[in-house]
Amino acid sequence: MPSQRILITGLSTYWGGRLAQALEADPSIDAIIGVDNEEPSVELERTEYVKVGTQHALLRRVVDAAEIDTVVDTRLVVDSATTSSRKAHENNVIGTMNILAACSGADSTVRKVVFKSSSYFYGSGQDDPAFFDESMGRPHPPRTPIERDILEAEASVAEFADTSPSVNVTVLRFANVLGPRVRTSHIELFSLPAVPMILGFDPRYQFVHEDDVVHALEHATQRQLPGVYNVAADGVLALTEVAGLLGKPYAPILPPWGTGIAAGVMRRIGLNFPSEMLAQLRFGRGLDNRRYKAAGFEYGYTSREAVLALAEHLRLHPLLRSSAEPYRYEREVEEFLRWSPNVRNGTRRPAPVSRQVRGAGLTAGPPVDHYDDLRPDEIISLTSSLEPEALRALREYENGHHGRAAVIEAIDSALARSQASGGAPGA
Amino acid sequence: MADPPRTPLSVREQPPGKGAPAPALPARRQDDLRRYLPGVEPERQLTDWGRSERVESLLDRTLVEFYYRYWFRAEVEGIENVPAGGGALLVSNHSGALPPDAVMIGKALREEHPHPRPLNITVEHFFKGYPGFSMLIPKIGCVAAHPANVHRLLYDEQQLVLVFPEGRKGSEKLYKDRYQLRRFGRGGFVEAAMRAQVPIVPVCVVGAEEAQPVFAQLKLLKKLTGLLYVPLTPTFPHLGPLGMLGYLPAKFKLRFLEPIHFDDEGMHEDKGLVQTTAHEVRARIQDGLFDMVSKRGSVWFG
């Protein structure tokens with residue numbers, strides 16, 4: 001049963017927004033509704049935003065009224081640097097409980113729950129296996145608040161799955177995310193002039209690119225995949241290797257003994273080592289990602305490629321600071337765009353086209369979804385956001401199928417621009 | 001060094017069962033998932049296990065080459081008992097304060113075997129937690145002796161794995177107990193081989209006991225350094241940390257015994273069979289050792 005009416009909890013988080021944008025491109029989805037306490041932080045075409053926190057009675061009414069069949073929970077806080085541990089607990093544990101309460105009940109219309117979790121579930125310990133698979137638990141009880149929260153949240157999801165056999169529950173445990181747009185504590189550390197390490201340790205790290213995170217959530221939404229899946233790109237890198245790929249030296253600034261105290265001192269001078277990160281900086285973690293691959297998911301990036309993509313962004317970042325203004329949600333404008341009879345489809349902004357480009361064998365289909373339906377000006381506005389590889393594919397396809405001179409010219413100039421800026425995407 | 005593979009991970013900390021799929025998992029993942037193993041990225045210098053070809057070959061060309069060829073003058077027999085393809089579990093006796101046997105077995109495979117393959121050496125989890133060791137140990141092909149690691153290497157990746165079922169009991173034993181095998185763990189290594197359906201190749205190493213005899217264990221220094229043990233050897237600790245590499249030039253002899261095959265599925269569930277096989281492997285290695293020592297003319301010249 002493909003999902004038709006989707007509720008995204010945590011629409012204003014980075015992942016909620018990205019997922020909504022991705023789902024909007026799928027015409028088979030009737031309704032996308034997002035709830036959050038705060039207003040969305042990205043531009044959305046047809047997603048409806050409802051300002052609701054995690055009060056289960058209100059959520060329940062939204063779910064029932066909209067006959068939601070799928071709930072995607074993207075709210076989990078996995079980085080203690082982003083908020084206080086009290087708020088994180090409220091969000092991760094109590095929030096999850098409330099959302100699940102809103103989905104349960106014999107008369108509930110919800111048939112699928114996708115829960116975004118984290119590989120912090122496994123922790124990092126001395127006697128860990130080199131690759132955690134989904135059936136393994138944590139060897140030791142968690143010591144940091146965030147990890148305790150994640151375990152508790154997953155426990156309530158597991159309990160929900162047990163008591164609601166008619167609901168398809170998917171839990172995705174994501175490795176550390178890298179990418180040009182997302183902000184995490186790890187990316188902040190990797191942005192420093194040197195990669196900080198604990199003296200005498202070279203932990204193994206596995207990453208996942210931000211686009212793969214969105215695709216993985218989308219993948220689970222579109223299919224029936226009950227159970228737990230690790231989502232981590234192929235390849236486990238040593239931290240020294242990561243530093244090499246970033247083109248930075250590594251600095252063993254944390255002592256092997258008294259690491260927690262030293263990290264506290266570092267925090268004072270602005271180097272943020274969240275407590276759950278310290279164990280990972282010491283012991284690292286590897287994940288067995290084969291189960292999700294067997295479920296049909298294909299990664300766009302390996303761990304190494306994800307680091308390289310971040311490296312490109314970090315080199316370009318100082319030049320981009322003063323670029324586009326951040327999006328601001330204006331309720332009146334959004335409502336006008338959605339509901340006013342005066343808004344004509346033709347004047348709306350181009351459909352958010354999925355930027356996933358299909359590999360090298362491009363001659364078979366268009367390189368961008370619904371490409372044939374787009375008008376030339378829509379394509380031209382799209383070119384600025386594509387990567388050089390995609391542009392080349394696009395040019396080839398346009399040449400072979402439509403041959404519109406204006407489009408080819410626009411692609412060529414976008415290609416020239418991207419080459420001038422060192423082949424970086426989104427320049 | 002190698003701890004007997006531990007009992008499976010505690011499940012107490014797991015949230016109460018993740019519905020139906022999780023329990024059904026182990027059975028299915030056996031054959032389905034092997035083709036989903038990550039591919040090799042040729043640009044990388046490390047494997048997913050953290051093994052570095054660069055560090056390894058540097059050591060191999062210098063230190064290991066010197067010890068293997070000129071210092072220990074290693075002599076190898078029965079190398080053909082190590083299969084040229086597929087997974088295999090090498091089981092050896094363990095001795096010498098900083099045991100040279102693992103590295104010498106790896107070198108013997110590279111030098112003498114018609115199809116040299118990398119050898120994964122299982123070590124105690126301790127090394128992952130000790131600064132310095134934690135960095136170096138994986139780079140030279142050592143892997144923590146976790147049952148899941150051994151299974152992935154043997155079954156999924158079809159590699160060679162070396163275990164020392166005696167573990168540290170072997171390498172910390174005193175000179176007077178030389179060539180007397182300690183207890184062989186809890187038979188976890190047999191279980192691993194049976195589960196992965198790969199053969200066990202018993203290996204006897206003679207010479208390591210005399211190369212670095214242990215006269216005593218220094219309890220106080222052990223406590224101060226936090227190491228597994230601190231032995232008193234001819235060169236350590238009075239010559240400093242490098243004294244750990246001070247081996248006497250004993251003649252090394254390595255003998256690879258006939259492999260023991262486990263082709264039936266589900267053999268590892270028979271605990272009795274596991275224990276019997278573990279004793280059998282131990283007996284074969286012990287017999288091999290006594291045989292080799294009895295035929296040895298001189299400790300130094302073989």
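Helix α5 of chain B gives the most to the lining of the largest cavity, namely 4 residues. This is a predicted model, in which local features need pLDDT of at least 70 and side-chain atom pairs count only at pLDDT 80 or more, whereas totals for chains, interfaces and linings use all residues. Residues are numbered from 1 along each chain as its sequence is written, chains are lettered from A in the order in which they are written, and side-chain values use heavy atoms, with hydrogens and water left out.

A cavity is a set of points, on a 1 Å grid over the protein atoms alone, where a 1.4 Å probe fits but cannot get out; its lining residues have an atom within 4 Å of a point. The count comes to 8 cavities of 30 Å³ or more, and the largest has a volume of about 300 Å³, a volume being the space filled by probe spheres set on the points. Of the 23 residues that line the largest cavity, those closest to its centre are R204(A), W49(B), K128(B), P138(B) and C142(B). Two or more residues of the lining come from each of α9 (275-283) of chain A and α4 (126-129), α5 (133-139) and β4 (142-144) of chain B. Helices (H or I, at least four residues) and strands (E, at least two) are DSSP runs, numbered from the N terminus. By class, the lining holds 13 nonpolar, 3 polar and 7 charged residues.

Strand β4(B) also belongs to an open sheet of 7 strands in chain B, with the order β1-β9-β6-β2-β5-β3-β4 and mixed pairing; two strands pair if DSSP finds at least two bridges between them. The edge strands are β1 (75-77) and β4 of chain B, each pairing on one side only. Strand β3 (residues 119-123) of chain B runs parallel to β4(B), joined by 3 bridges, and T122(B) has V143(B) as its bridge partner in β4(B). Helix α3 (residues 101-112) of chain B lies across β1, β2, β3, β5, β6 and β9 of chain B, running at about 170° to β3(B); angles run from 0 to 180 degrees between the N-to-C directions of axes fitted to C-alpha atoms.

In chain A, strand β11 (residues 227-231) has 5 of its 5 residues buried, that is, under 20% relative accessible area with a 1.4 Å probe, protein chains only. In a regular strand the side chains alternate between the two faces of the sheet. Both faces of β11(A) are covered, with G227(A), Y229(A) and V231(A) on one side and V228(A) and N230(A) on the other. Strand β6 (residues 168-174) of chain A pairs with β11(A) in the parallel sense over 5 bridges, and F174(A) stands opposite V231(A).

Methods: Buried means under 20% relative accessible area, exposed over 50%, partly exposed in between (1.4 Å probe, protein chains only). On a 1 Å grid over the protein atoms alone, a cavity is a set of points where a 1.4 Å probe fits but cannot get out, and a pocket is an open set with protein on both sides within 12 Å along at least five of seven lines; lining residues have an atom within 4 Å of a point. Ala, Val, Leu, Ile, Met, Phe, Trp, Tyr, Cys and Pro count as nonpolar, Asp, Glu, Lys and Arg as charged, and the others, Gly among them, as polar. Contact means heavy atoms within 4.5 Å.
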